[in-house]
Amino acid sequence: MMKTRKIILHESQIMKIHYITAIAALFVVAVHILMRLIMPYSMSLQYENVVVNYHNIPYALLLESILVLIAIHGFNGLRVILLEFRQNEIWENGITIFTIAAMIAIIAYGTRTIIMANQLGL
Amino acid sequence: MKEIIKKIGMIKNGNRKDDNNRKEILRNNVVVKVFRANRSKGDFVSYDSFEVPVQRWTTVLEALLYAKSYLDSSIGIRYSCRMASCGSCGMKINGIPRLACYTKISELEGSTITCEPLANFPLIRDLVTDFSQFFNHHKKMQPYIHNENSVMTDSKKLIEFKQSVEEVDKYLQFSYCIKCGLCYSACPTVATDTKFPGPQALSQAYRYYADTRDNDTKERLNIVDEKHGIWRCHFAGSCSTVCPKGVDPALGIQLLRGHLMGFSKNEKKIAKLHNRSTS
């Protein structure tokens, strides 16, 4: 009997997510950069002003969305590059697991930073 | 590989600039430098040079056949039709994948013509390469019409499909493919990813997908929608540049991607069936 593998996401669906996250990231990063212009650039990077940004809930959500979008897009890009290096199932499954794990770890660590800076956890 | 892509790009740009007044270099003799190696014997790669008399219309294949006939009969070449129909004599000529029978020596620069086997194909001997993997990718695309409404076994039940000119136009250029393997050889993704079907197979997938006589749309999309499938194309475009038949595989790949992404309409109008006995 032929072994049938369950496909969670088709490659076209993954690539659709890849392109959507790229376009969305362009938008949120543009907003993030434009926020540096509301006051002199050097002042906007001062400790107090950065902390104020984190305390602003909509801005914290914007930072969270940048983190999620860039992590998904970047790690899928890395997976695509690594897929071409070798063509065997162990390698393919290994890099899929590695990139998903790394993506989750980065998002978790970044979210933790945003929550701590926002003082929601306090 | 980067060097080949650069050379292909230069040719592409050069062709655009002076396509109408392309320079012809007339010479009496050229040196044909031929790649020599026998894979089964584990030979080291070497190049043999042969001085060949040429005329204005002499092709690279004719020069090689002259060398094989009069100078060294052991040169390994694969050829058949000598008129760019069979796709047998594909090789790298001065570093670029071309058909030897379709390349005139007078169009090439320099007094030495270097002939090498196609890249991305396993070598058999000298200029002959193994096309097994290439044809396997082609077969995987199921290059035939899927339509359960057409009965091919019973001659009484034979029916014909009617297609409009516009419907034929959608896939016509892709049906000119002669499977010479030049696009496969020029593809930078195939060079690194052996599971990638290559531009030829993917453009054939689009050719049958776009054909209104075929009604197995979903199955066709599933074949190419995998880890090493259509999404691994980097869109270098070298496949379209080297094609001797004017096929644009890169276009076929992008069109098929559009259908997979849902940008292009997936609802295909299936050709009408007409019973021969009634029409």
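Start by selecting helix α4 of chain A and looking for its buried residues: Leu63(A), Leu69(A), Ala71(A), Ile72(A), His73(A), Arg79(A) and Leu83(A). Keep in mind as you look that this is a predicted model.

Now try the distance tool on α4(A), which runs over residues 57-83. Its 27 residues should span 39 Å at 1.5 Å a residue, and the end C-alpha atoms are 39 Å apart, so the two values agree.

Next, zoom out to all of chain A. How many helices and strands are there in chain A? You will find 5 helices and 0 strands, and reading along the sequence gives the pattern α-α-α-α-α.

The C-alpha trace spans about 65 × 30 × 20 Å along its principal axes. The radius of gyration of chain A is 18 Å, whereas a compact globule of 122 residues would have one near 14 Å. Buried residues make up 10% of the chain. Among contacts in chain A with a separation of 6 or more, 78% join residues 24 or more positions apart.

For the last stop, show chain B as well. The contact between the chains takes 9 residues from chain A and 13 residues from chain B. On the chain A side, α1(A) gives the most, with 4 residues. By class, that side has 2 nonpolar, 3 polar and 4 charged residues.

Definitions and conventions
Residues numbered from 1 in each chain as written. Chains lettered and ligands numbered in written order. Predicted model: local features only at pLDDT ≥ 70, side-chain atom pairs only at ≥ 80, totals over all residues. Helix = DSSP H or I, 4+ residues; strand = E, 2+ residues; numbered from the N terminus. Rg over C-alpha atoms; globule rule 2.2 N^0.38 Å. Buried ≥ 20, exposed ≤ 12 C-beta atoms within 10 Å, placed from the backbone. Contact = placed C-beta atoms within 7 Å. Expected span 1.5 Å × (residues − 1). Nonpolar A, V, L, I, M, F, W, Y, C, P; charged D, E, K, R; others polar.
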